[in-house]
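Have the sequence and the 3D view ready.

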Amino acid sequence: MKTGKKRKKLLMGNEAIAYGALESGIHFATGYPGTPSTEVIETIAELKPEIFAEWAPNEKVALEEAAGVSYAGLRSLVTMKCVGLNVAADPLMSLAYSGVEGGLVILVADDPGPHTSQTEQDDRYYGKLSLLPVLEPADPQEAHDLIKYAYELSERHKVPVIFRTTTRVNHTTADVEVGEFLDLKREAKFRKDIERYVRASMKGNLKRHRWLNRTLREIEKEFAIMPFNWIEGEGRIGIIVEGAPYNYVREVLPKINAEFRVLKLSTPHPLPRSLIVEFLSTVDCAIVIEEGAPFLEEEVKIAAYEAKLNVLIYGKRTGHLPMEGELTPSLVRNALLRLIGEEGETYEKPEGVVYAESLAPARPPVMCPGCPHRGSYRAALDALRDLKLGRYKVPIHGDIGCYALSLLPPLEAIWTEYVMGASISLANGQSIVMDKKIIATIGDSTFFHNGIQPLVDAVYKNLNVLVMILDNRTTAMTGHQPHPGTGGSETGRKFNEIDIEALVRALGVKYVKTVDPYDLTATREAIKEAMEIEGPAVIIARRECVIPVIRRGEIGELPVVIDDRCTGCKACILLTGCPALVYDPESKKVRIDTLICTGCGICNQLCPFDAIKFPSEVEGR
């Protein structure tokens with residue numbers, strides 16, 4: 001399939017990256033879904049389904065599979081969000097030593113803010129740690145062009161390339177010039193090379209380390225003259241900027257009464273020191289503007305020190321830009337105004353100032369009407385109450401997924417939400433030292449990602465934990481991607497569905513029960529039973545995420561409130577927090593918003609006055 005000659009398309013940054021990868025002739029694309037990176041794989045799968053573009057169980061597996069493809073001489077792409085590289089860090093280090101044959105690009109989407117991530121992790125540091133080159137685009141067009149360069153760089157120097165993006169680049173939409181998809185027509189071949197590919201060959205490791213350092217020096221020379229780094233402007237005040245903030249610099253410079261000289265960089269590692277020194281030699285002072293940690297600022301200062309340049313360098317370390325949060329044009333403008341001696345507004349919100357966006361009513365995130373997780377946690381809290389354990393006597397550990405919203409009122413169920421799979425590990429440790437059964441809750445996709453290993457440890461050590469696997473049949477939080485438990489595929493291929501219950505039983509868990517979280521009584525009784533079991537127990541709360549059900553138009557009858565029974569006690573609202581339940585102050589009754597109600601029936605089971613019924617239950621009443 002080809003896209004034809006060069007033409008412009010309105011594309012999101014992630015879509016532009018997908019086009020660039022296909023124009024580079026990739027044979028294989030994989031990763032683990034995570035905002036803000038997810039759309040890259042989805043776009044590749046849509047544009048060219050014959051490419052093997054499928055999700056992996058986690059980022060470590062994804063990178064290792066891509067490495068296997070690259071060793072065979074074909075081009076591959078791995079995508080993940082910022083924290084995903086922590087999971088893939090183990091193979092990353094060894095992959096740097098072995099190098100690659102076919103080009104391999106590791107797209108890591110950092111999330112300054114953070115908007116959808118646990119931390120504001122800056123993955124440029126992985127470039128220094130692994131001794132691998134890092135590229136960073138400033139906008140969707142550059143993302144498209146730069147990833148094509150990344151494949152050329154990877155194959156020219158036989159190393160994987162880290163392609164760091166940030167949320168604004170991933171999700172900004174712009175006109176992007178795209179070209180034809182490339183078919184390299186390569187045959188997969190893998191040549192045996194013990195010294196290169198077997199890390200147990202200790203003498204070979206030293207040689208590979210020397211090779212990697214030498215390669216990095218060669219790449220640094222290339223970066224000094226590559227077309228994605230350039231200098232513009234004639235002022236004596238310097239700006240060194242990388243990534244998305246370059247757009248903010250261009251926006252605010254015309255509004256400032258001063259001349260600036262700008263060095264725009266796309267290569268944070270290895271830093272092209274000769275270019276940096278050349279630039280700093282032409283200015284009196286400079287400010288480093290970057291997204292994330294002061295990574296570039298520190299590298300620039302080292303380069304200036306080694307070159308014995310007498311030039312002041314400002315940035316995050318000097319307080320001109322905040323160390324936390326995402327940059328904005330106003331923050332960049334204020335930093336530049338301070339640099340020329342004018343007083344800019346502080347980047348911290350002054351006390352008493354009301355910004356326009358704060359005039360909107362607060363809308364905390366909430367589980368969707370009909371979310372099966374609401375039933376799972378309601379049943380768990382009620383089971384602990386029945387066992388006279390209460391919500392503050394038994395920790396309930398959460399994990400990464402939609403169900404983390406159970407931390408909010410009225411459920412306030414989970415005590416922790418840490419990293420993928422950690423709910424079970426935390427429960428394991430506490431069950432040992434607290435001498436009681438601890439509850440871990442984890443989603444189906446997260447279980448496959450990193451929850452199997454800690455469950456193995458719980459079985460191996462016979463730890464007293466209850467693991468509730470909240471199986472909503474998809475990776476819901478990032479947009480309903482398939483996973484090994486669904487049997488689905490991003491490109492429509494037919495894969496095998498891994499049976500979670502069979503897997504858990506095969507691990508040696510003696511108590512395993514699958515329940516429907518819409519059935520509060522059955523779920524509650526199963527939890528009570530499992531809490532009495534000595535050793536590991538697993539409950540699988542299985543009910544498909546309601547959003548795909550809505551999309552398929554499979555919502556059944558909706559419940560109604562029987563006015564002469566409703567006392568206005570609000571128990572249904574206070575016990576579920578479902579946004580489809582609304583209290584009417586005039587009638588002092590609860591109403592059901594039929595526009596968003598999905599008919600899950602959880603409120604029906606919780607009303608103490610039997611005032612919420614399905615129409616089929618009240619016919620002939």
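What should the 18 residues of helix α6 span, and how far apart are its end C-alpha atoms? Keep in mind as we look that this is a predicted model. Helix α6 covers residues 140-157, and at 1.5 Å a residue it should span 26 Å. The span is counted as 1.5 Å times one less than the number of residues. In the model the end C-alpha atoms of α6 are 25 Å apart, which agrees with that expectation.

Now look at the surroundings of this helix. Of the 18 residues in α6, 13 are buried, so the helix is mostly covered, with buried taken as under 20% relative accessible area. After α6 comes Lys158, which has a positive phi, near 60°.

Next, turn to the sheet. Five strands form an open sheet in the order β14-β15-β16-β18-β17, and their pairing is parallel. At the edges are β14 (396-397) and β17 (511-515), each pairing on one side only. Strand β17 runs parallel to β18 (residues 537-542), and five bridges join the two. Within this pair, Val512 stands opposite Val538 of β18.

Helices pack on this sheet too. Helix α14 (residues 372-386) touches β14, β15 (438-443), β16 (465-471) and β18, and its direction makes about 155° with that of β16. Helix α15 (residues 422-434) lies across β14, β15 and β16, running at about 175° to β15.

Technical notes. Residues numbered from 1 in each chain as written. Predicted model: local features only at pLDDT ≥ 70, side-chain atom pairs only at ≥ 80, totals over all residues. Heavy atoms only, no water. Helix = DSSP H or I, 4+ residues; strand = E, 2+ residues; numbered from the N terminus. Buried < 20%, exposed > 50% of the residue type's maximum accessible area, 1.4 Å probe, protein only. Pairing = 2+ DSSP bridges. Contact = heavy atoms within 4.5 Å. Axes fitted to C-alpha atoms, helices over the stretch in contact; angles between N-to-C directions.
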